[in-house]
Amino acid sequence: MSAWTDLAGQTAGALLGTLVGGAITVLVARWQTSKTIAAQSELATVQQAAEARLSRAERDHERSSEAARQLLERLADLYAWLPSLPDVAADRPRLSGHAREQCASAMESLRRGMQTELFSIAAPEVRRRYRTLVKLAYDVGWRGVGRDHRERQIRDVRNYLRYVQLTLECVIDGGRLPDRLEPPVLDRAAPSAWLPPDVPWHWGDPADGS
C-alpha cells in the first residue's frame with residue numbers, strides 16, 4: 001500500500017505541477033499578448049496622430065501657397081504702375097491720367113487682398129509685412145507722405161514691395177522667410193532709397209524689371 005500511496009502522491013504532485021505550470025504559461029502568454037496589443041494600439045494611435053498632423057500641415061501649406069500666388073499677382077499689378085503712385089491724389093498728374101487710374105485700381109486690388117487671400121496665410125509675420133506694404137502705398141498715393149521726395153517715394157515702395165514679394169515666394173517654396181526689417185520712413189530726410197541689407201542678385205538684372 002505504501003508503494004501505491006507514494007506513486008499516487010508522486011503522480012498527483014506531477015499533475016499538479018503540470019497544471020500549475022501550464023496555468024502560469026497561459027497567464028504569461030496572455031499578459032504578453034495583451035501587452036503587445038496595447039503597444040501596437042498605442043503605436044497605431046501615435047502614427048495616426050502624426051499622419052493627421054502631416055496631412056493638416058500639407059493642407060495648410062497648400063492653402064497658404066495658393067493665397068500667396070494670388071497676392072503676388074496683386075503685387076505685380078501695382079508694381080507695373082508704381083511710377084504713378086504719387087499722382088493718385090494729385091489734381092494734375094505728372095504722368096498720364098490713364099496711368100493714375102490704373103495705379104489707383106492696383107492699390108485697391110492690393111487692399112482687397114488684405115481682406116481676402118491674406119487670411120489664408122497662417123504666418124502672422126507674412127500678414128504683417130503685406131499690411132505694411134498696403135499702408136505704405138496709401139501713405140504715398142492718398143496721403144502724400146514724403147511728397148517732397150517723389151522718386152525716393154517710388155523706390156521706397158518698390159523695394160518694400162519686392163521684399164514682400166520675396167516673403168510670399170518663401171511661403172510658396174516652404175523656405176525660411178527673409179529677416180524681419182523695419183519699413184521705410186517715407187518722410188525722412190535721407191535721400192537714398194530704402195533697401196534690404198541683403199539684396200537678391202536678380203534685383204540688379206534688367207530682365208527682372210528693376
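This is a predicted model: local features need pLDDT of at least 70, side-chain atom pairs count only at pLDDT 80 or more; totals for chains, interfaces and linings use all residues.
## Overall architecture

The protein contains four helices and zero strands. Along the sequence, its elements follow the pattern α-α-α-α.

Of the 210 residues in the protein, 34% are buried. Among the contacts with a separation of 6 or more, 70% are accounted for by residues 24 or more positions apart.

## Helices α3 and α4

Helix α3 covers residues 124-141. Its 18 residues should span 26 Å at 1.5 Å a residue, and the C-alpha atoms at its ends are 26 Å apart, which agrees with that expectation. Because 14 of the 18 residues of α3 are buried, this helix is largely enclosed by the rest of the structure.

Helix α4 covers residues 150-173 and has 24 residues. The distance from the first C-alpha of α4 to its last is 35 Å, close to the 34 Å expected at 1.5 Å a residue. In α4, 19 of the 24 residues are buried, so the rest of the structure largely encloses this helix. The residue that follows α4 is G174, with a positive phi near 75 degrees.

## The largest pocket

The largest pocket holds about 190 Å³ of space. Its lining consists of 13 residues, of which P86, A90, R147, R150 and Q153 are the closest to the centre of the pocket. The elements that contribute two or more residues to this lining are α3 and α4.

By residue class, the lining of the largest pocket divides into five nonpolar, three polar and five charged residues.

## E117, between α2 and α3

E117 lies in the loop between α2 (97-115) and α3. Its relative accessibility is 11%, so E117 counts as buried, the cut-off for this class being under 20% relative accessible area.

Leaving aside residues up to four places away in sequence, E117 touches A67, Q70, L71 and R74. For L71, the separation from E117 is 46 residues in sequence, while the C-alpha atoms of L71 and E117 are 6.9 Å apart in space.

A104 belongs to helix α2. With a relative accessible area of 24%, A104 is partly exposed. A104 and A137 are 33 residues apart in sequence, and their C-alpha atoms are 9.8 Å apart in space.

A190 is located in the segment after α4. This residue has a relative accessible area of 34% and is therefore partly exposed, a class that runs between the buried limit of 20% and the exposed limit of 50%. A distance of 9.7 Å separates the C-alpha atoms of A190 and H149, which are 41 residues apart along the chain.

Note on methods. Residues are numbered from 1 along each chain as its sequence is written. Side-chain values use heavy atoms; hydrogens and water are left out. On a 1 Å grid over the protein atoms alone, a cavity is a set of points where a 1.4 Å probe fits but cannot get out, and a pocket is an open set with protein on both sides within 12 Å along at least five of seven lines; lining residues have an atom within 4 Å of a point. Grid points are joined across faces, edges and corners, and a volume is the space filled by probe spheres set on the points. Ala, Val, Leu, Ile, Met, Phe, Trp, Tyr, Cys and Pro count as nonpolar, Asp, Glu, Lys and Arg as charged, and the others, Gly among them, as polar. The expected span of a helix is 1.5 Å times one less than its number of residues. Buried means under 20% relative accessible area, exposed over 50%, partly exposed in between (1.4 Å probe, protein chains only). Contact means heavy atoms within 4.5 Å.
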